Every structure is written in structure tokens, then in C-alpha cells.
Amino acid sequence: MSQIFYYEIALLKSPLEPLTYEFNEPLNLGQKVRVKLARRKNLMDGVVVKEVPQPDFKCSIIEEVSEAYYDTTMLQTAKFIASYYICSLGEALSLYTPFNQTPSVVSKTFESKIELSNEQEKAFEFLEQNKQALLFANTGSGKTEIYIKTIEKHLNENQQAILLMPEISLTPQMQKRLEKVFGDAVAIWHSKVTKKRKEQIIEGLHNGEIKLIAGARSALFLPYSRLGLIMVDEEHDESYKSDQKPRLNVKDLTIYMAKQFGYQLILGSATPSISSFHKLPYIRITKTYFQSQKVLTFYDSQFALNDEVKDKITRVLQQNQQVIVFLPTRANYKYQVCSSCGKSVECPYCSVSMSLHKNALALKCHYCGYTQQIPQSCPSCGTGIIHNLRVGTAQIEEELQTLFASKTVMRFDRDSITTDSKLKAVLNDFNDEKIDILVGTQMLSKGHDYHNVTLAIVLGIDSILNMNSYKARERALSLLIQIAGRSGRKGFGEVMVQTKNADFFEYYMQENDYEQFLKDELVFREDLYPPFFKMAKVVFAHTNGLKAKEEMQYYVKQFAVIKEVEVVGSGESAVFKIANKYRYEIILRSSNIKALIQTLHSVTSAMAVIDMDTIK
């Protein structure tokens, strides 16, 4: 009689915990298999995660065994993801593309011929000495050259490297720069890459031809056999946080992986996140690659394009130079600010701006649930009126086309740039000076070099500064610095900012800098917010709003007795209804990570969605 082996199988994409199956041959941990589940007709993909003794119940057999496998690095990281980000092991493993053959090694030599400046050389050496570190480099200071020299070193040691970027930063310019040095050994990976090309990239990783992947966050989960370096560019960017289960933050995950597996890790940004600044050793580069002079002007006007702005655009266009106009979002954004002092109404308990609930004619804090009537006058100055403002990219584009009929105005947002080819076409046209004015959203702030842009206009930045979030100041100042960096890359540049909060922006952009802001903000957050506390959000959603509310109230009572975890607030979600489901939420915080994770794992409600390290 042949021996029977018993294994726990994590079902891919399933919320179920691993189930026990039997097989008549020994299997390796990480092997991909196919199994039956209950009454389902189709077989399910699964992964062998543990060998176990014979259980005291009858087991189904493993139906098929695949050549594909998940290595020990994938298995260990997936277990961490499942534990920390509150999902099943099968859901965590489903992030990965498995190996399907034994990887080959192909030796190549690369020579970038890049000569680093003294300041860049110091940064390069600092990053070598500190294996996980932050490259805090001003816009235009040449951090890409440091990236390339570091990649070159690792590839010449026959290792692989990953350069992670926000998807909208994976520009044709960056692709050309990397291909110039690394040729066919580099591949670009993001959501718009075709299925066929993705298959070719996986094959290239297996056969050793591809050694560098420059990609969006999913690039971290490809089958690397000799990974030595991970770089995260624009590390402050919130698109590294997934809004789908598992709701992981890929930037944070790279820190875990680098420490666990000994990779070199570089997080890079001109405006680094407070958490990275606090956690990692950093080196600052302030000198820009090209000599440039920048003038910052603030104007207080409820009209986005007032006479001063129109006159400035006219003069720039007459000199055959280009203009970029930035808005926080492509859609019409809505915010409530004082017509006199520009301040929003703050919660008296949470130091964050309150949100408008128009149906209830009330302002509400989404951290503690405090609610009040919309005031007749501004609580800060006592004289101004709290009012709504609306504006959008399409509206600004239309207004500019009317004002400058002989010029070419183009919109640059997710509604207008829907494919990779459209992105390349618009950027090429703008670089070839076929477009005079580019109107866009945060896509404009991401790593594009516009050498003929001498004027950047920033609209609606107060809507970000007044957001209902402890991160509002960080987001607003970071974004303004990123946009300002697009103007005057070579030579003179001017930035005009529409705001009623000029004192705040001016202090950190002219009299001081972002490094001082980070230090000041750490003092503000010390007893309240990350990085000193962990925060999580539990959202309950149901087509029956009463059921969702009752479920939330039940868990508020459950959480209230846990000493190490604080219920900061509960109530309606900021967006109360999505896809016909009513949404209620609980915000938790704790300085005890283990206690918070245990609390979140105790949530068994089918209505619940858990967001560890919530950024909202």
C-alpha cells in the first residue's frame, strides 16, 4: 500500500484559510496545484503551504500538480502580508506571478559612462554604506543618475534590480534613459503593458536576459531569483497603497523585504513621506543639475484665472514658452473655505477639517464623529462666510481655449490619457512644443522634464490643505513642491499659486524648506498620529444601511474594552454610498502594533473591509 501525504493548501484569491488535502506522492512547499472545493464544478488553483499529519477527517485528493512554484521568499512575504494586512494566505499569494521553470544565469557587463558630481558621489557612497536608506533629493538634483549607477553596480554583480515608480511616472523619457544604458536587459511593467509582452518579460526573467524591471507596484511580485536591489522612486506617492484587498502599501512592504532578505533598498523623493523620514537614515541633495532661478507668487482670488494670471500667461506665450496649469483632481472638486481667511472649519477634538454633509446641512469630523451645523460665519476670523468652490480640468481647458484661441491647449488627466500611446503622443507633442498650455492633475507632477516650461499655475491647493485628514498639510506642501519643480528646469521659472494660505506655503517654500516641515510635523504628530501610532479603518458596507450601522455599533462595543487600542471615531464614511451600499466606519489607533493586528483579525463580519495603515 502506497504512502499518503497530507498538505495544507492555500486557495488562490479565496478568503478561506488553508484547507487540508491528500496526495500519493511527496510535494514541495510552494508547488502550485489544483483542487476541488465543495460542490464547485471547476477546479481551484492552490499552493502547498504546509505538510501535516493525517487528520481525523476524510480529505479530498489533490487533482493536478503544476510545474509552477512559489519560492521561499514569496511564501514568507505572503505570510507577512496575510498577517499584517488582514487577508487570507491565498489572497496574499495571488499577488505573485510564480516561477514556471528553473531560472538561468546570463552574464552581461554594463557601462553607463555617467560621471556623478561630488554631491551625487557622496549620496551614492552613503546609500552603499546604509543598506536601507532614503535619498532626499530636490527636484532636478539628478537622483536618476544615482539610481542608474547603483543599478549598474548590482547588475554587474549578476544580480537583478527593481525600480518601482507610480504608474504615471513610468514615462517614455525614463524608459529611454534606462534602455540607453541597459538595453534589452530592462523591461517596463505596468497595467497598460499587453498580456503577450508580460509573458515575454516573465520568460526573460527566467532565462536571465532581463535583469532590471522598472514598473508600477505589481512589479514587486514577479519571479526574481537573484534580486539584490529595490528602489522606490517618488516614495511619498500614495498610489503605492492598494485600494483593493489585500490593502497593502508596497513601499512599506519593500522595507520589510529588504530587512528580511538583505536587499539594498533606496527610497527616493524630493518630498519624502514623514514615515520614511522618521524610520530610515537619509542623505539630502539640494543642488540642482541645471542652474535655475524660480519666482513664487501667491494670489488670493475666488476666480481660478484672474486678470493677473491671464496677463502672465499672455506674456509667456508671446515669448514662445510653455505653461502648465495644475488642478488637484480631474473632476469638479468641492470644498468649504472661508471667503476671508481661507481656513476651513476644524473639529475641536481632532485637529482636522470637517466634511460637508449636504443632505444633513451639517459639518462632520470623520475621525471622532463630532457634528455641527454649517456656521453662518467663519469660526476662525468671525467675519468671512463658509462657502463651496467648484472647478475642474475640462472647465479650465475650455476657458483657456476661448482666451487663447490661436494657441494649442491640451488636457492631461486620466479621462483624456487612457492608453500608453496617448501618454507618449501628448508628452512628445509637448516636448516638441506643439502644445502651448497643458492642463492637468497630479499626472503633471510626476517626473516629466519640461525644459521650455517657464510658468506653472497651481489652482485649488487649499482643497488639499483643508482635507479631513491628519496628512492634509503634508499632502498639500508636497504636491506644491512637486508641481513647482516642473517649471524652470533650465533657467528661469515662475510658479503662481491660488491660495488663501500663502503664509503656510511661503514659510516652507521660501524662508525654510521641506526638511524643516517634516521635523515640525513630527512634533505635531507625536502623541496623536503615524508614524508614532498605527492607524486602521474598518468599513462596514451593505445595501441595507441599518444593518451596516448595527454591525458598526456592535464592533465599537467590542473594541471599546480593548485597553491597548483606541476607537478614535466611528460613523458614516466620507463617501456614504458606493455601488448602492451604505458605508459606516470605525477608525482605530494604537502604539501597540501586535494588539492592533490581533484586534483587526478578530473582525469576522462579512460586511467588513479592513484597511491597515489607512491613509484616508
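**Exercise 1. Decide whether A38 is buried, partly exposed or exposed.**

Solution. The relative accessible area of A38 is 74%. The cut-off for exposed is over 50%. A38 is therefore exposed. This is a predicted model. Then check the backbone. Phi of A38 is near 50°, a positive value in a residue other than glycine. Most residues other than glycine have a negative phi.

**Exercise 2. Find where N158 lies and state its phi.**

Solution. Start with the location: the loop between α4 and β7 (160-164) holds N158. Now the angle. N158 has a positive phi, near 60°.

**Exercise 3. Classify G140 by accessibility and locate it.**

Solution. Take the relative accessibility of G140, 25%. Buried needs under 20%, and exposed needs over 50%. G140 therefore counts as partly exposed. G140 belongs to the loop between β6 (132-137) and α4 (143-156). Last, relate G140 to R217: they are 77 residues apart along the chain, and their C-alpha atoms are separated by 24 Å.

**Exercise 4. Describe helix α1: its span, its buried residues and what covers them.**

Solution. Span comes first. Helix α1 covers residues 72-84, which is 13 residues. From first C-alpha to last, α1 reaches 18 Å, close to the 18 Å expected at 1.5 Å a residue. Next, burial. M74, L75, T77, A78, I81, A82 and Y84 are the buried residues of α1. Then the cover. It includes helices α2 (89-93), α7 (250-261) and α17 (593-601). Strands β4 (44-52), β24 (534-542) and β27 (608-612) also contribute. Finally, look just after the helix: I86 has a positive phi of about 60°.

**Exercise 5. Locate the cis peptide bonds that join K245 to P246 and P530 to P531.**

Solution. Take K245 and P246: omega of their cis bond is about -5°. P246 lies in the loop between β10 (227-233) and α7. Now take P530 and P531, where omega of the cis bond is about 10°. P531 falls in the loop between α15 (514-525) and β24. Most peptide bonds are trans.

How values were computed. Residues numbered from 1 in each chain as written. Predicted model: local features only at pLDDT ≥ 70, side-chain atom pairs only at ≥ 80, totals over all residues. Heavy atoms only, no water. Helix = DSSP H or I, 4+ residues; strand = E, 2+ residues; numbered from the N terminus. Expected span 1.5 Å × (residues − 1). Buried < 20%, exposed > 50% of the residue type's maximum accessible area, 1.4 Å probe, protein only. Contact = heavy atoms within 4.5 Å.
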